[in-house]
Amino acid sequence: MSPLPERAAPRVEVHPDAHALATAIAGELLHRLSDAQAAGRTPHVVLTGGTIADAMHHELTRLAPASGVDLGEVELWFGDERFVGGEDADRNVGQVRRAFLDPAGVPARRVHAIPATEDASDVDAAAASYAQELAEHGPEEFDVVMFGVGPDGHIASLFPGFPQLAEETATVLGVRDAPKPPPERVTLTYPALRRARAVWFLVSGEGKAEAVAAAHAPGTTKEQIPAVGLTGTEDTRWFLDRDAASRL
Ligand SMILES: O=C(O)[C@H](O)[C@@H](O)[C@H](O)[C@H](O)COP(=O)(O)O
């Protein structure tokens, strides 16, 4: 892997409400995908779970047909996954499938799901398997990496104070005892997630306002608010609604 290039300073973009936020992010994502395809690249995107991401996926499905983006030529990855059964409603990939992949007709071969409990003996085996998939089929740089942000500032399954935050070699790790259920998860790490042209945080609601403010306060560390540790090479953006931005 080549040395890390320059990083883009974080910018904040505030939208009136969650719906407007979801629409704006979907539109921006389709722009990025369209530009990448026009430049002759098959873009790679890291998806996330959560409420605002779900709303954004529905908007993607609605807006994609008129965008000119070829959804057959986009590689989709996941920033983290709950280590549960493949059909469990808790799986991020299931949520994305229902809102976007199935209705928009994204080919299964483009979707890189993190192993479920029937595919791996434990979280470490699942992480090793996804790391191998990433090494074999992943890009040098993702086009867009998206994150929901928890009220505690967690992104993917990187939780405040957890050892995964210190990882500088492995691209994917297992997590046990996560503070948010389910306790067993698989997460990409900073070394994988920072290989990104664009890093976007998708945040909605008053319950996130404190974490958003802390992430933007001088001196906050990634051990306190894991979202602090990540920037893209071209674009680092906090997509907020008014409530999430209310303490900035
Ligand atoms: O792994 C999880 O338990 C969740 O997916 C979580 O990481 C989520 O992405 C954020 O908490 C934002 O979620 P909301 O958009 O629903 O607030």
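I count a residue as buried when its relative accessible area is under 20% and as exposed when that figure is over 50%. I also keep in mind that this is a predicted model.

**Entry 1: strand β2**

I began with β2, which spans residues 44-47. Which way do its side chains point? I found H44 and V46 on one side and V45 and L47 on the other, and all of them are buried.

**Entry 2: the neighbours of β2**

Next I looked up the pairing. Strand β3, residues 75-78, is parallel to β2 and joined to it by four bridges. I picked out V46 and found W77 as its bridge partner in β3. How does the chain get from β2 to β3? It passes through helix α2 (residues 51-67), and I noted this β-α-β crossover as right-handed.

Strand β5 (residues 142-148) also runs parallel to β2, with two bridges between them. Here V45 has V144 of β5 as its bridge partner.

I then checked the faces of β3 and found both covered. E75 and W77 lie on one side, L76 and F78 on the other, and all four residues are buried.

**Entry 3: around the ligand**

Which residues come nearest to the ligand? I listed T51, R82, H154, R185 and K208, out of 14 residues around it.

- The side chain of T51 has an N or O atom 2.5 Å from an oxygen atom of the ligand.
- For R82, I read 2.8 Å between a polar side-chain atom and a ligand oxygen.
- G49 takes part through its backbone, where a polar atom is 3.1 Å from an oxygen of the ligand.

How much of the ligand does the protein cover? On its own the ligand has 420 Å² of accessible area, and the protein covers 89% of that.

I looked up T187 in strand β7, residues 185-188. Is T187 buried or exposed? Its relative accessible area is 0%, so I wrote it down as buried. Its side chain reaches the backbone nitrogen of S157 at 3.1 Å. Leaving aside residues up to four places away in sequence, I saw T187 touch several others, among them G79, D80, A156, L158 and Q164. T171, V172, L173 and V175 are also included in its contacts.

For E87 I went to the loop between β4 (80-82) and α3 (92-104). With a relative accessible area of 79%, E87 is exposed. I also noted that the C-alpha atoms of E87 and A116 are 8.7 Å apart, while the two residues are 29 apart in sequence.

- A156, in the loop between β5 and β6, has a positive phi near 45°. Its relative accessible area is 8%, so A156 counts as buried.
- D177 sits in the loop between β6 and β7, and I read its phi as near 60°, again positive. D177 is exposed, at 63% relative accessible area.
- Where is P182? I found it in the loop between β6 (172-175) and β7. The peptide bond that joins P181 and P182 is cis, with omega about -5°.

Conventions
Residues are numbered from 1 along each chain as its sequence is written. This is a predicted model: local features need pLDDT of at least 70, side-chain atom pairs count only at pLDDT 80 or more; totals for chains, interfaces and linings use all residues. Side-chain values use heavy atoms; hydrogens and water are left out. Buried means under 20% relative accessible area, exposed over 50%, partly exposed in between (1.4 Å probe, protein chains only). Two strands pair if DSSP finds at least two bridges between them. A crossover is right-handed if, with the strands pointing away from the viewer, the path from the first strand over the helix to the second runs clockwise. A residue is near a molecule or strand if one of its heavy atoms lies within 4 Å of it. A polar contact is a pair of N or O atoms within 3.5 Å; within protein, one must be able to donate a hydrogen and the other to accept it, and residues adjacent in sequence count only if both atoms are side-chain atoms. Accessible areas come from the Shrake-Rupley method with a 1.4 Å probe; for residues, only the protein chains shown count as cover. Contact means heavy atoms within 4.5 Å.
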